[in-house]
Amino acid sequence: MVAALRKPAFLGFDAPSRAEAEVFDCVIEGEIPRQIDGTFYRVAPDVQVNPRYPGEVKDGMVSAFRFRDGHVDFKSKKLSRLVMTPFQFANGAIADKYVRTEKFVRERRARKALIGKYRNGFTDDPLVAGSLRTTANTNVVHLFGHLLALKEDALPYEMDPHSLKTIGIFNFDGQYTCPTFTAHPKVDPVSGEVITYGYEAAGDGSRDMIYTLFSREGKKLEEFHFLAPYCGLCHDIGITPNFVIFQMYPLECDPERLKSGGNHWVYDETIPMHLCLLPRRAPKIEDVLWFTWKPNYFQGHFSNAFEMNGKVCADFPVINGNVMAWFPDKNGQAPPRPTLKTYFARFELDPSASVLELADPQRLCEISGEFSRIDDRFQGLPYEWTFLAAIDATRPYDKVASRGRPFPGFNTLGRMNNRTGAAEGDGYVICLVNRFDTELSELVVIDTKDFSKHVALVKLPLRVRPGLHGNFVPREDMLDQEAELVDFDWVPATFDGVVAAEISGSHIANRGSVSTST
(Lines give C-alpha, C1' and ligand atoms only; values in the text may rest on other atoms or scores of the structure.)
Protein backbone atom coordinates (compact mmCIF):
# COMPACT_ATOMS: atom_id res chain seq x y z
CA MET A 1 0.00 0.00 0.00
CA VAL A 2 1.33 3.45 -0.90
CA ALA A 3 1.73 5.71 2.14
CA ALA A 4 -1.65 7.07 3.22
CA LEU A 5 -2.68 10.53 2.11
CA ARG A 6 -1.62 13.30 4.48
CA LYS A 7 -5.17 14.39 5.15
CA PRO A 8 -6.98 14.73 8.52
CA ALA A 9 -9.12 11.73 7.54
CA PHE A 10 -5.95 9.61 7.52
CA LEU A 11 -4.11 10.92 10.60
CA GLY A 12 -4.00 9.91 14.25
CA PHE A 13 -6.84 7.62 15.19
CA ASP A 14 -8.25 8.09 11.70
CA ALA A 15 -5.16 6.60 10.08
CA PRO A 16 -5.93 3.30 8.33
CA SER A 17 -5.69 0.39 10.74
CA ARG A 18 -6.04 -2.52 8.27
CA ALA A 19 -5.23 -4.97 11.08
CA GLU A 20 -7.35 -8.08 11.46
CA ALA A 21 -6.46 -9.14 14.97
CA GLU A 22 -7.53 -11.10 18.02
CA VAL A 23 -6.57 -10.62 21.64
CA PHE A 24 -7.11 -13.41 24.17
CA ASP A 25 -8.08 -12.35 27.69
CA CYS A 26 -7.64 -8.58 27.41
CA VAL A 27 -5.97 -6.65 30.20
CA ILE A 28 -8.67 -5.21 32.46
CA GLU A 29 -8.44 -2.33 34.89
CA GLY A 30 -11.13 -2.83 37.50
CA GLU A 31 -13.55 -5.76 37.42
CA ILE A 32 -16.01 -6.86 34.76
CA PRO A 33 -19.40 -7.65 36.34
CA ARG A 34 -20.23 -11.34 35.84
CA GLN A 35 -23.76 -10.51 34.71
CA ILE A 36 -22.33 -8.98 31.51
CA ASP A 37 -22.48 -12.14 29.41
CA GLY A 38 -22.47 -11.70 25.65
CA THR A 39 -20.71 -9.94 22.79
CA PHE A 40 -20.43 -6.27 21.87
CA TYR A 41 -20.15 -5.96 18.09
CA ARG A 42 -19.16 -2.71 16.40
CA VAL A 43 -18.14 -1.67 12.89
CA ALA A 44 -15.82 1.06 11.65
CA PRO A 45 -14.93 2.38 8.18
CA ASP A 46 -11.36 1.37 7.32
CA VAL A 47 -9.55 1.39 3.99
CA GLN A 48 -7.92 -1.67 2.48
CA VAL A 49 -6.13 0.39 -0.19
CA ASN A 50 -5.84 4.14 -0.75
CA PRO A 51 -9.16 5.42 -2.13
CA ARG A 52 -9.43 6.93 -5.61
CA TYR A 53 -10.89 10.05 -3.96
CA PRO A 54 -9.69 11.30 -0.52
CA GLY A 55 -11.87 10.08 2.34
CA GLU A 56 -14.17 8.00 0.15
CA VAL A 57 -15.46 4.41 0.34
CA LYS A 58 -13.88 2.84 3.42
CA ASP A 59 -14.38 -0.89 3.92
CA GLY A 60 -16.24 -2.23 6.95
CA MET A 61 -14.03 -3.49 9.80
CA VAL A 62 -16.11 -5.41 12.34
CA SER A 63 -14.86 -5.77 15.92
CA ALA A 64 -16.18 -8.00 18.68
CA PHE A 65 -15.68 -7.88 22.44
CA ARG A 66 -16.84 -11.11 24.09
CA PHE A 67 -17.68 -10.82 27.78
CA ARG A 68 -17.73 -14.11 29.69
CA ASP A 69 -17.12 -14.94 33.36
CA GLY A 70 -15.40 -11.62 34.02
CA HIS A 71 -13.03 -11.97 31.05
CA VAL A 72 -13.04 -10.19 27.68
CA ASP A 73 -11.69 -11.50 24.37
CA PHE A 74 -11.36 -9.27 21.30
CA LYS A 75 -11.38 -9.88 17.56
CA SER A 76 -11.51 -7.62 14.48
CA LYS A 77 -12.14 -8.69 10.90
CA LYS A 78 -12.46 -6.77 7.66
CA LEU A 79 -15.59 -7.50 5.67
CA SER A 80 -14.69 -8.49 2.11
CA ARG A 81 -16.93 -7.10 -0.60
CA LEU A 82 -18.29 -10.23 -2.19
CA VAL A 83 -21.28 -11.86 -3.82
CA MET A 84 -22.69 -15.25 -2.92
CA THR A 85 -25.73 -17.34 -3.63
CA PRO A 86 -28.53 -15.83 -1.49
CA PHE A 87 -28.51 -17.44 1.93
CA GLN A 88 -31.52 -19.52 2.93
CA PHE A 89 -31.69 -18.54 6.56
CA ALA A 90 -34.29 -21.15 7.44
CA ASN A 91 -32.35 -24.29 6.56
CA GLY A 92 -29.61 -23.44 4.06
CA ALA A 93 -26.05 -24.69 4.16
CA ILE A 94 -23.01 -22.48 3.71
CA ALA A 95 -19.65 -23.51 2.31
CA ASP A 96 -16.46 -22.24 3.92
CA LYS A 97 -15.41 -20.36 0.79
CA TYR A 98 -17.14 -17.55 -0.98
CA VAL A 99 -17.44 -16.46 -4.60
CA ARG A 100 -15.44 -13.26 -5.11
CA THR A 101 -16.70 -10.59 -7.45
CA GLU A 102 -14.56 -9.52 -10.37
CA LYS A 103 -14.20 -6.16 -8.62
CA PHE A 104 -12.84 -7.72 -5.41
CA VAL A 105 -10.37 -9.92 -7.30
CA ARG A 106 -9.15 -7.06 -9.49
CA GLU A 107 -8.77 -4.70 -6.50
CA ARG A 108 -6.67 -7.25 -4.68
CA ARG A 109 -4.61 -8.04 -7.78
CA ALA A 110 -4.26 -4.39 -8.81
CA ARG A 111 -3.30 -3.39 -5.26
CA LYS A 112 -5.27 -0.19 -5.71
CA ALA A 113 -8.83 1.06 -5.32
CA LEU A 114 -11.19 0.62 -8.24
CA ILE A 115 -14.31 2.02 -6.56
CA GLY A 116 -14.81 5.77 -6.88
CA LYS A 117 -16.93 8.25 -4.98
CA TYR A 118 -19.53 7.43 -2.36
CA ARG A 119 -22.57 5.94 -4.12
CA ASN A 120 -21.53 7.12 -7.57
CA GLY A 121 -20.76 4.26 -9.92
CA PHE A 122 -19.92 6.71 -12.71
CA THR A 123 -16.63 7.42 -10.92
CA ASP A 124 -15.54 3.76 -10.75
CA ASP A 125 -12.78 2.14 -12.75
CA PRO A 126 -14.39 0.52 -15.84
CA LEU A 127 -13.05 -2.83 -14.64
CA VAL A 128 -15.70 -2.93 -11.91
CA ALA A 129 -18.61 -1.32 -13.76
CA GLY A 130 -21.91 -2.67 -12.45
CA SER A 131 -20.37 -4.38 -9.42
CA LEU A 132 -21.95 -4.32 -5.98
CA ARG A 133 -20.30 -1.30 -4.35
CA THR A 134 -21.37 -1.55 -0.71
CA THR A 135 -18.81 -1.58 2.10
CA ALA A 136 -21.13 -2.67 4.97
CA ASN A 137 -19.40 -0.19 7.28
CA THR A 138 -22.25 1.53 9.16
CA ASN A 139 -23.89 -0.84 11.65
CA VAL A 140 -23.80 -4.46 12.78
CA VAL A 141 -26.95 -6.10 14.18
CA HIS A 142 -28.17 -9.53 15.28
CA LEU A 143 -31.49 -10.51 13.63
CA PHE A 144 -33.19 -13.91 13.46
CA GLY A 145 -30.05 -15.52 14.93
CA HIS A 146 -27.72 -14.02 12.29
CA LEU A 147 -25.03 -11.36 12.56
CA LEU A 148 -25.51 -8.77 9.81
CA ALA A 149 -23.19 -5.96 8.72
CA LEU A 150 -25.13 -3.07 7.19
CA LYS A 151 -24.76 -0.08 4.93
CA GLU A 152 -27.93 1.41 3.50
CA ASP A 153 -26.94 1.23 -0.18
CA ALA A 154 -27.34 -2.56 -0.48
CA LEU A 155 -28.52 -5.75 1.22
CA PRO A 156 -26.85 -6.88 4.46
CA TYR A 157 -23.85 -9.17 4.62
CA GLU A 158 -23.93 -12.03 7.08
CA MET A 159 -20.90 -12.84 9.21
CA ASP A 160 -20.19 -15.79 11.46
CA PRO A 161 -20.74 -14.39 14.99
CA HIS A 162 -17.69 -16.23 16.35
CA SER A 163 -15.05 -16.34 13.61
CA LEU A 164 -16.29 -13.09 11.97
CA LYS A 165 -15.81 -14.73 8.59
CA THR A 166 -18.01 -13.29 5.85
CA ILE A 167 -20.73 -15.71 4.78
CA GLY A 168 -22.48 -13.71 2.06
CA ILE A 169 -25.45 -11.58 1.12
CA PHE A 170 -28.48 -12.04 3.37
CA ASN A 171 -31.84 -11.56 1.63
CA PHE A 172 -34.28 -12.85 4.25
CA ASP A 173 -34.95 -16.11 2.43
CA GLY A 174 -35.77 -14.22 -0.77
CA GLN A 175 -38.62 -12.30 0.86
CA TYR A 176 -36.99 -8.86 0.84
CA THR A 177 -37.44 -7.23 -2.57
CA CYS A 178 -35.78 -3.84 -2.11
CA PRO A 179 -32.17 -3.59 -3.40
CA THR A 180 -31.23 -1.38 -0.44
CA PHE A 181 -31.58 -2.03 3.30
CA THR A 182 -31.51 0.39 6.20
CA ALA A 183 -28.58 0.58 8.59
CA HIS A 184 -31.14 0.92 11.41
CA PRO A 185 -33.79 -1.83 11.48
CA LYS A 186 -35.86 -1.77 14.66
CA VAL A 187 -37.21 -4.61 16.80
CA ASP A 188 -40.52 -4.33 18.65
CA PRO A 189 -39.80 -5.55 22.21
CA VAL A 190 -43.36 -6.78 22.70
CA SER A 191 -44.24 -8.53 19.43
CA GLY A 192 -40.68 -9.29 18.33
CA GLU A 193 -41.51 -7.89 14.89
CA VAL A 194 -38.63 -6.44 12.85
CA ILE A 195 -39.30 -3.13 11.08
CA THR A 196 -37.14 -2.42 8.02
CA TYR A 197 -37.07 -0.29 4.89
CA GLY A 198 -34.96 0.80 1.95
CA TYR A 199 -34.76 4.06 0.03
CA GLU A 200 -33.57 4.86 -3.51
CA ALA A 201 -35.33 1.57 -4.16
CA ALA A 202 -35.55 2.13 -7.94
CA GLY A 203 -31.89 3.06 -8.30
CA ASP A 204 -29.60 5.91 -7.31
CA GLY A 205 -31.43 9.22 -7.38
CA SER A 206 -34.91 7.70 -7.22
CA ARG A 207 -37.61 8.80 -4.76
CA ASP A 208 -38.87 5.23 -4.28
CA MET A 209 -39.07 3.75 -0.79
CA ILE A 210 -40.13 0.27 0.37
CA TYR A 211 -41.30 -0.49 3.92
CA THR A 212 -41.10 -4.14 5.03
CA LEU A 213 -42.31 -5.74 8.26
CA PHE A 214 -41.19 -9.20 9.44
CA SER A 215 -42.56 -11.41 12.19
CA ARG A 216 -40.45 -12.58 15.10
CA GLU A 217 -39.83 -15.81 13.16
CA GLY A 218 -38.69 -13.99 10.01
CA LYS A 219 -41.87 -14.21 7.91
CA LYS A 220 -42.73 -11.14 5.84
CA LEU A 221 -45.95 -9.55 7.07
CA GLU A 222 -46.04 -6.26 5.16
CA GLU A 223 -44.46 -4.72 2.07
CA PHE A 224 -45.45 -1.22 1.05
CA HIS A 225 -44.10 0.97 -1.80
CA PHE A 226 -44.33 4.76 -1.62
CA LEU A 227 -42.54 7.92 -2.80
CA ALA A 228 -40.48 10.46 -0.88
CA PRO A 229 -41.00 14.17 -1.67
CA TYR A 230 -37.43 14.26 -3.02
CA CYS A 231 -34.48 11.90 -3.19
CA GLY A 232 -33.00 12.53 0.24
CA LEU A 233 -30.97 10.66 2.82
CA CYS A 234 -33.36 8.64 5.02
CA HIS A 235 -30.98 7.17 7.58
CA ASP A 236 -33.06 6.25 10.64
CA ILE A 237 -36.57 5.47 11.83
CA GLY A 238 -38.54 5.50 15.03
CA ILE A 239 -41.30 3.02 15.81
CA THR A 240 -44.37 2.83 18.03
CA PRO A 241 -46.87 -0.03 18.37
CA ASN A 242 -48.89 1.41 15.47
CA PHE A 243 -46.60 3.69 13.44
CA VAL A 244 -43.22 4.09 11.78
CA ILE A 245 -41.57 7.53 11.62
CA PHE A 246 -39.04 8.12 8.83
CA GLN A 247 -36.48 10.92 8.96
CA MET A 248 -35.31 12.63 5.76
CA TYR A 249 -32.27 14.89 5.89
CA PRO A 250 -31.87 18.08 3.79
CA LEU A 251 -29.38 16.25 1.58
CA GLU A 252 -30.55 15.66 -1.99
CA CYS A 253 -29.36 13.48 -4.86
CA ASP A 254 -29.51 14.52 -8.52
CA PRO A 255 -28.99 11.72 -11.10
CA GLU A 256 -27.57 14.22 -13.59
CA ARG A 257 -24.98 15.33 -11.07
CA LEU A 258 -23.94 11.71 -10.61
CA LYS A 259 -23.41 11.30 -14.34
CA SER A 260 -21.05 14.28 -14.33
CA GLY A 261 -18.98 12.74 -11.52
CA GLY A 262 -20.42 14.85 -8.72
CA ASN A 263 -21.24 13.93 -5.13
CA HIS A 264 -24.19 11.67 -4.39
CA TRP A 265 -25.42 14.02 -1.64
CA VAL A 266 -25.45 17.82 -1.65
CA TYR A 267 -26.73 19.82 1.31
CA ASP A 268 -29.62 22.20 0.48
CA GLU A 269 -30.31 24.73 3.21
CA THR A 270 -33.67 25.62 1.60
CA ILE A 271 -35.17 22.15 2.16
CA PRO A 272 -37.37 21.88 5.27
CA MET A 273 -36.83 19.09 7.76
CA HIS A 274 -39.08 16.13 6.83
CA LEU A 275 -40.68 13.42 8.98
CA CYS A 276 -42.94 10.76 7.48
CA LEU A 277 -45.63 9.04 9.55
CA LEU A 278 -46.81 5.64 8.28
CA PRO A 279 -49.07 2.98 9.84
CA ARG A 280 -47.14 -0.21 10.62
CA ARG A 281 -49.92 -2.49 9.41
CA ALA A 282 -51.82 -2.45 6.10
CA PRO A 283 -50.65 1.04 5.07
CA LYS A 284 -52.22 2.73 2.03
CA ILE A 285 -50.98 5.59 -0.13
CA GLU A 286 -53.47 7.98 1.45
CA ASP A 287 -52.00 7.10 4.87
CA VAL A 288 -48.54 8.50 4.02
CA LEU A 289 -48.07 11.80 5.87
CA TRP A 290 -44.95 13.89 5.18
CA PHE A 291 -44.63 16.50 7.93
CA THR A 292 -42.26 19.44 7.53
CA TRP A 293 -40.50 21.87 9.85
CA LYS A 294 -37.99 24.68 9.38
CA PRO A 295 -35.34 24.56 6.64
CA ASN A 296 -31.61 24.24 7.34
CA TYR A 297 -32.01 21.88 10.30
CA PHE A 298 -30.45 18.42 10.57
CA GLN A 299 -31.91 15.49 12.50
CA GLY A 300 -29.76 13.26 14.68
CA HIS A 301 -30.46 9.58 15.26
CA PHE A 302 -33.68 8.64 17.00
CA SER A 303 -33.59 8.20 20.74
CA ASN A 304 -37.12 6.78 20.76
CA ALA A 305 -40.72 7.34 19.68
CA PHE A 306 -43.99 6.59 21.45
CA GLU A 307 -47.72 7.31 21.40
CA MET A 308 -49.38 9.66 23.90
CA ASN A 309 -52.87 11.24 23.91
CA GLY A 310 -53.51 10.38 20.27
CA LYS A 311 -50.20 11.90 19.12
CA VAL A 312 -46.89 10.33 18.13
CA CYS A 313 -43.85 11.73 19.94
CA ALA A 314 -40.47 11.57 18.18
CA ASP A 315 -37.29 12.25 20.18
CA PHE A 316 -33.92 13.02 18.57
CA PRO A 317 -31.20 15.71 18.52
CA VAL A 318 -31.66 18.71 16.21
CA ILE A 319 -28.70 20.59 14.69
CA ASN A 320 -28.92 24.07 13.13
CA GLY A 321 -27.09 23.34 9.89
CA ASN A 322 -25.15 20.75 7.96
CA VAL A 323 -23.39 18.48 10.43
CA MET A 324 -22.13 16.25 7.59
CA ALA A 325 -19.37 18.51 6.29
CA TRP A 326 -18.20 15.75 3.93
CA PHE A 327 -21.43 16.38 1.99
CA PRO A 328 -21.13 20.18 1.38
CA ASP A 329 -23.61 22.41 -0.38
CA LYS A 330 -23.65 23.14 -4.12
CA ASN A 331 -20.83 25.65 -3.65
CA GLY A 332 -18.67 23.13 -1.80
CA GLN A 333 -19.21 24.90 1.52
CA ALA A 334 -20.10 23.57 4.98
CA PRO A 335 -20.34 25.53 8.25
CA PRO A 336 -17.46 25.24 10.76
CA ARG A 337 -18.48 22.64 13.32
CA PRO A 338 -18.08 24.95 16.35
CA THR A 339 -20.82 27.18 14.89
CA LEU A 340 -23.37 24.36 14.97
CA LYS A 341 -25.63 24.08 18.00
CA THR A 342 -27.45 20.93 19.09
CA TYR A 343 -30.34 20.35 21.43
CA PHE A 344 -32.44 17.31 22.26
CA ALA A 345 -35.96 17.72 20.85
CA ARG A 346 -39.38 16.09 21.06
CA PHE A 347 -41.68 16.60 18.06
CA GLU A 348 -45.40 15.76 18.16
CA LEU A 349 -47.01 14.27 15.03
CA ASP A 350 -50.80 14.07 14.74
CA PRO A 351 -52.01 11.10 12.62
CA SER A 352 -55.30 12.95 12.00
CA ALA A 353 -53.71 16.25 11.01
CA SER A 354 -54.86 18.09 7.89
CA VAL A 355 -52.03 20.63 8.13
CA LEU A 356 -48.64 18.92 7.95
CA GLU A 357 -46.47 21.74 9.28
CA LEU A 358 -44.94 20.81 12.61
CA ALA A 359 -44.97 23.09 15.61
CA ASP A 360 -41.66 23.87 17.29
CA PRO A 361 -40.52 20.92 19.37
CA GLN A 362 -40.20 20.66 23.11
CA ARG A 363 -36.54 21.21 24.01
CA LEU A 364 -35.77 18.34 26.38
CA CYS A 365 -32.19 19.39 27.09
CA GLU A 366 -29.40 21.51 25.60
CA ILE A 367 -26.74 18.79 25.55
CA SER A 368 -24.64 18.55 22.40
CA GLY A 369 -24.63 14.82 21.71
CA GLU A 370 -25.64 12.02 19.39
CA PHE A 371 -25.95 8.23 18.97
CA SER A 372 -28.59 7.77 21.68
CA ARG A 373 -29.13 4.39 23.29
CA ILE A 374 -32.15 3.44 25.38
CA ASP A 375 -33.25 0.39 27.31
CA ASP A 376 -34.38 -1.74 24.34
CA ARG A 377 -37.28 -3.13 26.38
CA PHE A 378 -38.85 0.34 25.96
CA GLN A 379 -38.35 0.69 22.21
CA GLY A 380 -41.48 2.41 20.85
CA LEU A 381 -42.94 2.90 24.33
CA PRO A 382 -43.01 5.77 26.85
CA TYR A 383 -39.61 5.95 28.54
CA GLU A 384 -37.56 8.07 30.93
CA TRP A 385 -33.90 7.40 30.19
CA THR A 386 -31.61 7.79 27.20
CA PHE A 387 -27.83 7.56 27.01
CA LEU A 388 -25.82 9.38 24.39
CA ALA A 389 -22.29 10.34 23.42
CA ALA A 390 -22.06 14.00 24.43
CA ILE A 391 -19.49 16.75 23.99
CA ASP A 392 -18.84 18.97 27.01
CA ALA A 393 -17.61 22.25 25.53
CA THR A 394 -16.58 23.50 28.98
CA ARG A 395 -13.89 20.83 29.36
CA PRO A 396 -10.38 21.41 27.96
CA TYR A 397 -9.50 19.67 24.73
CA ASP A 398 -5.91 18.97 23.74
CA LYS A 399 -5.66 20.02 20.11
CA VAL A 400 -2.00 18.99 19.90
CA ALA A 401 -2.64 15.44 21.04
CA SER A 402 -5.71 15.26 18.82
CA ARG A 403 -3.61 16.39 15.84
CA GLY A 404 -5.80 19.34 15.08
CA ARG A 405 -9.13 17.56 15.09
CA PRO A 406 -11.75 20.05 16.34
CA PHE A 407 -13.91 17.39 17.97
CA PRO A 408 -13.50 13.82 19.25
CA GLY A 409 -15.30 12.30 16.28
CA PHE A 410 -17.47 9.24 16.06
CA ASN A 411 -17.34 6.28 18.35
CA THR A 412 -19.60 3.45 19.27
CA LEU A 413 -21.95 3.40 22.23
CA GLY A 414 -23.51 0.18 23.52
CA ARG A 415 -25.82 -0.68 26.39
CA MET A 416 -26.98 -3.82 28.15
CA ASN A 417 -29.47 -4.58 30.90
CA ASN A 418 -28.30 -5.49 34.37
CA ARG A 419 -30.66 -8.40 34.92
CA THR A 420 -34.11 -9.70 34.02
CA GLY A 421 -36.79 -7.53 35.55
CA ALA A 422 -34.41 -4.64 36.24
CA ALA A 423 -35.74 -1.10 36.35
CA GLU A 424 -35.59 0.93 33.13
CA GLY A 425 -32.01 1.85 32.29
CA ASP A 426 -30.50 -0.26 35.07
CA GLY A 427 -27.40 -1.83 33.54
CA TYR A 428 -24.17 -0.79 31.86
CA VAL A 429 -23.02 1.51 29.09
CA ILE A 430 -19.93 0.61 27.08
CA CYS A 431 -18.01 2.81 24.69
CA LEU A 432 -14.73 2.67 22.80
CA VAL A 433 -12.29 5.36 23.94
CA ASN A 434 -9.48 6.94 21.91
CA ARG A 435 -6.33 7.54 23.97
CA PHE A 436 -4.38 10.22 22.12
CA ASP A 437 -1.47 9.97 24.54
CA THR A 438 -0.79 6.28 23.82
CA GLU A 439 -2.44 5.91 20.38
CA LEU A 440 -4.21 2.84 21.82
CA SER A 441 -7.89 2.01 22.33
CA GLU A 442 -9.83 1.10 25.46
CA LEU A 443 -13.38 -0.04 26.08
CA VAL A 444 -14.92 1.69 29.06
CA VAL A 445 -17.67 0.00 31.12
CA ILE A 446 -19.90 2.30 33.20
CA ASP A 447 -22.68 1.40 35.64
CA THR A 448 -25.70 3.51 34.67
CA LYS A 449 -26.33 4.20 38.36
CA ASP A 450 -23.02 6.03 38.75
CA PHE A 451 -21.44 7.98 35.87
CA SER A 452 -18.79 9.50 38.14
CA LYS A 453 -16.44 6.58 37.55
CA HIS A 454 -15.95 3.54 35.38
CA VAL A 455 -16.48 -0.01 36.55
CA ALA A 456 -13.76 -1.36 34.26
CA LEU A 457 -11.46 -0.49 31.38
CA VAL A 458 -10.73 -3.13 28.76
CA LYS A 459 -7.27 -2.24 27.42
CA LEU A 460 -6.27 -3.16 23.88
CA PRO A 461 -2.65 -3.40 22.70
CA LEU A 462 -3.65 -1.75 19.40
CA ARG A 463 -5.54 1.15 17.89
CA VAL A 464 -9.11 0.59 16.69
CA ARG A 465 -10.50 3.16 14.26
CA PRO A 466 -13.45 5.26 15.38
CA GLY A 467 -16.72 3.68 14.33
CA LEU A 468 -20.36 4.54 13.93
CA HIS A 469 -22.63 1.94 15.48
CA GLY A 470 -22.61 -1.29 17.41
CA ASN A 471 -24.84 -3.54 19.48
CA PHE A 472 -24.52 -5.85 22.46
CA VAL A 473 -25.85 -9.38 21.87
CA PRO A 474 -26.61 -11.38 25.05
CA ARG A 475 -25.15 -14.87 25.11
CA GLU A 476 -28.63 -16.35 25.47
CA ASP A 477 -29.55 -14.95 22.03
CA MET A 478 -26.74 -16.84 20.29
CA LEU A 479 -27.51 -20.08 18.45
CA ASP A 480 -24.19 -21.57 19.63
CA GLN A 481 -23.76 -20.28 23.16
CA GLU A 482 -20.54 -22.17 23.91
CA ALA A 483 -18.47 -21.17 20.87
CA GLU A 484 -15.32 -19.15 21.48
CA LEU A 485 -14.44 -15.89 19.78
CA VAL A 486 -10.67 -16.35 19.66
CA ASP A 487 -8.51 -19.29 18.59
CA PHE A 488 -8.96 -22.31 20.88
CA ASP A 489 -7.36 -24.88 18.54
CA TRP A 490 -5.62 -27.64 20.54
CA VAL A 491 -7.37 -26.43 23.69
CA PRO A 492 -9.67 -29.19 25.01
CA ALA A 493 -12.80 -28.54 27.01
CA THR A 494 -11.18 -30.38 29.94
CA PHE A 495 -7.54 -31.07 30.60
CA ASP A 496 -7.26 -34.21 32.71
CA GLY A 497 -4.31 -36.60 32.42
CA VAL A 498 -5.79 -38.69 29.59
CA VAL A 499 -6.58 -35.69 27.40
CA ALA A 500 -3.20 -34.15 28.15
CA ALA A 501 -1.44 -37.31 27.00
CA GLU A 502 -3.49 -37.38 23.78
CA ILE A 503 -2.66 -33.76 23.06
CA SER A 504 1.02 -34.29 23.76
CA GLY A 505 1.11 -37.38 21.55
CA SER A 506 -0.64 -35.54 18.72
CA HIS A 507 1.89 -32.73 18.81
CA ILE A 508 4.78 -35.22 18.68
CA ALA A 509 3.17 -37.16 15.86
CA ASN A 510 2.70 -34.02 13.79
CA ARG A 511 6.34 -32.98 13.98
CA GLY A 512 7.25 -35.30 11.10
CA SER A 513 10.02 -37.88 10.79
CA VAL A 514 13.51 -38.05 9.35
CA SER A 515 14.14 -40.52 6.55
CA THR A 516 17.15 -42.84 7.01
CA SER A 517 16.92 -44.50 3.65
CA THR A 518 19.81 -44.28 1.20
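**View 1. F226 and its neighbours in a predicted model.** F226 touches R207, D208, M209, Y211, F246, C276, L278, I285, V288 and W290, leaving aside residues up to four places away in sequence; contact here means heavy atoms within 4.5 Å. A word on the ground rules: this is a predicted model, in which local features need pLDDT of at least 70 and side-chain atom pairs count only at pLDDT 80 or more, while totals for chains, interfaces and linings use all residues. Residues are numbered from 1 along each chain as its sequence is written, and side-chain values use heavy atoms, with hydrogens and water left out.

**View 2. The nonpolar cores.** The largest nonpolar core has 35 residues, and M209, Y211, F226, F246, L251, W265 and W290 are those with the most contacts inside it. Such a core is a set of buried Ala, Val, Leu, Ile, Met, Phe, Trp, Tyr and Cys residues joined through side-chain atoms within 4.5 Å. Buried means under 20% relative accessible area, exposed over 50%, and partly exposed in between, with a 1.4 Å probe and protein chains only. At least two residues of this core come from each of β11, β12, β13, β14 (237–239), β15 (243–248) and β18 (272–279). Another core, of 31 residues, lies apart from it and includes V43, A183, F214 and V473. In soluble globular proteins, nonpolar side chains tend to be buried together.

**View 3. An open sheet of 4 strands.** The strand order is β10-β11-β12-β13, with antiparallel pairing. Helices (H or I, at least four residues) and strands (E, at least two) are DSSP runs, numbered from the N terminus, and two strands pair if DSSP finds at least two bridges between them. β10 (186–187) and β13 (220–227) stand at the edges with a single partner strand each, so one side of each has no neighbour in the sheet. Between β11 (residues 194–199) and β12 (residues 208–214) there are 6 bridges, and G198 stands opposite I210 in β12.

**View 4. Strand β30 and its partners.** Look here for β2 (residues 27–30), which runs antiparallel to β30 (residues 456–459) and is joined to it by 4 bridges. β29 (residues 440–447) is also antiparallel to β30, again with 4 bridges. A456 in β30 is the bridge partner of G30, and A456 is the bridge partner of V445 as well.

**View 5. S76 in strand β5.** S76 has its place in β5 (residues 71–78). With a relative accessible area of 5%, S76 is buried. Its contacts are A19, E20, A21, M61, V62, S63 and L164, not counting residues up to four places away in sequence.

**View 6. Aromatic rings.** The structure holds 24 aromatic pairs. Rings of Phe, Tyr and Trp (its six-membered ring) pair if their centres lie within 6.5 Å; planes under 30 degrees apart count as stacked, over 60 as edge-to-face and the rest as tilted. The rings of Y118 and F327 have centres 5.3 Å apart and planes at 45°, so this pair is tilted. Y118 sits in the loop between α1 (102–110) and β6 (139–143), and F327 in the loop between β22 (311–319) and β23 (342–349), so the pair ties together parts that are 209 residues apart in sequence. Both Y118 and F327 are buried. One aromatic cluster is formed by F144, F170, F172, Y176, F181 and F214.
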